[in-house]
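These notebook entries record what I looked up, topic by topic.

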Amino acid sequence: MPLRRMLLAAGDPHTIRHECAVISDAIKRVTKGYHAMLAGWWPMADINSTELLSFVASRLGEGMGATVVGLPVWLHGDSHSLVMAIESLIWRVADRSGATQFDLSGGSDDHGVWVEFAWEGEVVEQAQLDRWLAQSLVALGGMTVKDVLEHHAGTDLIRDRREGGGALRIPMRKGVEQHGHGRQVLPGRPEFYDMTLLEQSRDTGAMGAQPLKSLTFVVFDTETTGLHPSQGDQIVSIAGVRIVNGRILSGESFNRIVNPGRPIPAESIRYHGITDDMVVDKPPAGVVLPQFRSYVADAVLVAHNAAFDLKFLRMREKDMGIRFDIPVLDTMILSNFLDGPDAGHSLDDICDRYGIEITDRHTALGDAMVTAAVLLRQIEALEGRGIQTLDQAVKTLDIAMILHERQRVL
């Protein structure tokens with residue numbers, strides 16, 4: 001009918017404009033309905049960005065390297081089609097630019113979440129990108145990359161020029177579930193300032209004179225049956241993540257559940273959610289801790305409230321024939337030095353100050369990831385105060401601990 005009225009009113013511009021608007025609205029309603037139908041049919045679920053991108057990296061094969069970096073974020077989508085689309089774009093960028101190494105990451109801000117990949121080499125022009133989006137994916141029955149992206153959060157990919165290369169950012173929808181936020185808010189661990197534990201890790205060797213940003217760190221965390229290792233409490237989970245050249249290598253993390261050889265108290269389960277049923281078929285600390293020591297290798301060890309976690313590691317060293325005698329930094333003590341004794345020094349307080357979003361709080365891996373992000377911010381702050389090397393940072397820790405002990409006594 002709108003088309004018929006337009007034909008009858010060919011000489012009336014006002015009527016033609018009105019009927020064009022009617023047709024446009026009708027097309028929008030049909031398109032919206034079509035997209036709603038697709039969204040209802042596709043198997044959408046919450047996806048951890050690190051797990052998704054690690055799978056993409058594993059599929060690229062020989063001749064292509066991909067490193068998953070940064071903190072994980074929760075996405076909402078269809079993992080199968082996303083993997084196919086991201087993989088297709090990476091291969092096309094590689095063919096076009098000659099790049100063989102890619103950094104894959106997730107991110108978020110107040111406006112939404114995304115995944116992106118960056119490379120060194122030629123930047124993709126928009127016209128070329130549009131052609132790639134229109135090409136079909138055989139593994140998805142002929143659907144295009146554009147179809148996949150439109151289904152998730154639209155096709156407005158963000159191209160970015162980086163030093164020596166470029167990046168493509170793919171907008172996504174945020175995870176629907178409140179991962180790590182639905183659990184009851186619980187008090188943090190007591191703060192442990194045990195100088196004797198940290199003094200065993202003061203031999204920095206050749207690393208001492210190196211700039212902090214050039215060092216390799218392993219940031220780790222443990223979950224335990226309780227707070228008293230000398231009274232029989234044991235590790236139930238240990239996780240670590242590596243930092244290399246200022247990048248959190250989230251795709252190369254260490255994450256193990258440990259059989260503690262004793263019942264897990266209900267009070268501890270409230271914190272970490274690990275039950276007796278979950279550990280029954282898991283290896284004991286005698287197997288896991290040597291594996292973790294191999295993972296750490298010659299990196300600088302980092303933890304928040306490090307004396308607590310070190311106590312659990314050091315008590316078993318002789319039995320297992322291993323030594324955690326490597327340099328250690330404590331983000332809690334660094335926080336005391338950088339932000340003052342009156343500021344809150346729990347992981348939650350520091351993240352609030354630095355604007356770091358916490359994912360999967362009170363899991364060993366989640367807390368290790370967040371602590372890694374805190375460390376990178378603290379290294380920037382230390383450099384701003386002229387503290388450049390590991391030796392300088394260790395000396396700063398010693399001074400901060402001495403001052404804290406004096407304040408506590410007073």
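**Cysteines.** I first looked up Cys-351, which is buried at a relative accessible area of 1%. I noted that the model is a predicted one. Cys-20, by contrast, has 36% relative accessibility and therefore counts as partly exposed, since that class lies between 20% and 50%. I then searched for disulfides and found zero in the structure.

**Nonpolar cores.** I asked which residues of the largest nonpolar core touch the most other members. They are Leu-89, Phe-102, Leu-104 and Phe-117, in a core of 40 residues. I listed the elements that give two or more residues to this core: helices H3 (49-59), H4 (79-97), H5 (126-134) and H6 (145-152), together with strands S4 (101-109), S5 (112-120) and S7 (165-174). H4 supplies the largest share, nine residues.

**The open sheet.** I traced a sheet of five strands in the order S10-S9-S8-S11-S12, with mixed pairing. Strand S10 (247-257) and strand S12 (328-330) are at the edges; each has a single partner strand, so one side of each lacks a neighbour in the sheet. From one strand to the next, I noted an average twist of 25°.

Within this sheet I examined S8 (residues 217-224) and S9 (residues 235-244), which pair in the antiparallel sense over eight bridges. Phe-217 has Ile-243 in S9 as its bridge partner. Helix H10 (residues 285-296) packs on the sheet and touches S8, S9, S10 and strand S11 (300-303). I noted that the direction of H10 makes about 10° with that of S9. Helix H13 (residues 331-339) lies across S11 and S12 and runs at about 55° to S12.

**Aromatic rings.** I counted nine aromatic pairs. Lastly, I recorded a cluster in which ring pairs link Phe-220, Phe-254, Phe-292, Tyr-295 and Phe-324.

Technical notes: Residues are numbered from 1 along each chain as its sequence is written. This is a predicted model: local features need pLDDT of at least 70, side-chain atom pairs count only at pLDDT 80 or more; totals for chains, interfaces and linings use all residues. Side-chain values use heavy atoms; hydrogens and water are left out. A disulfide is a pair of cysteine sulfur atoms within 2.5 Å. Buried means under 20% relative accessible area, exposed over 50%, partly exposed in between (1.4 Å probe, protein chains only). A nonpolar core is a set of buried Ala, Val, Leu, Ile, Met, Phe, Trp, Tyr and Cys residues joined through side-chain atoms within 4.5 Å. Helices (H or I, at least four residues) and strands (E, at least two) are DSSP runs, numbered from the N terminus. Two strands pair if DSSP finds at least two bridges between them. Axes are lines fitted to C-alpha atoms, for helices over the stretch in contact, and angles run from 0 to 180 degrees between N-to-C directions. Contact means heavy atoms within 4.5 Å. Rings of Phe, Tyr and Trp (its six-membered ring) pair if their centres lie within 6.5 Å; planes under 30 degrees apart count as stacked, over 60 as edge-to-face and the rest as tilted.
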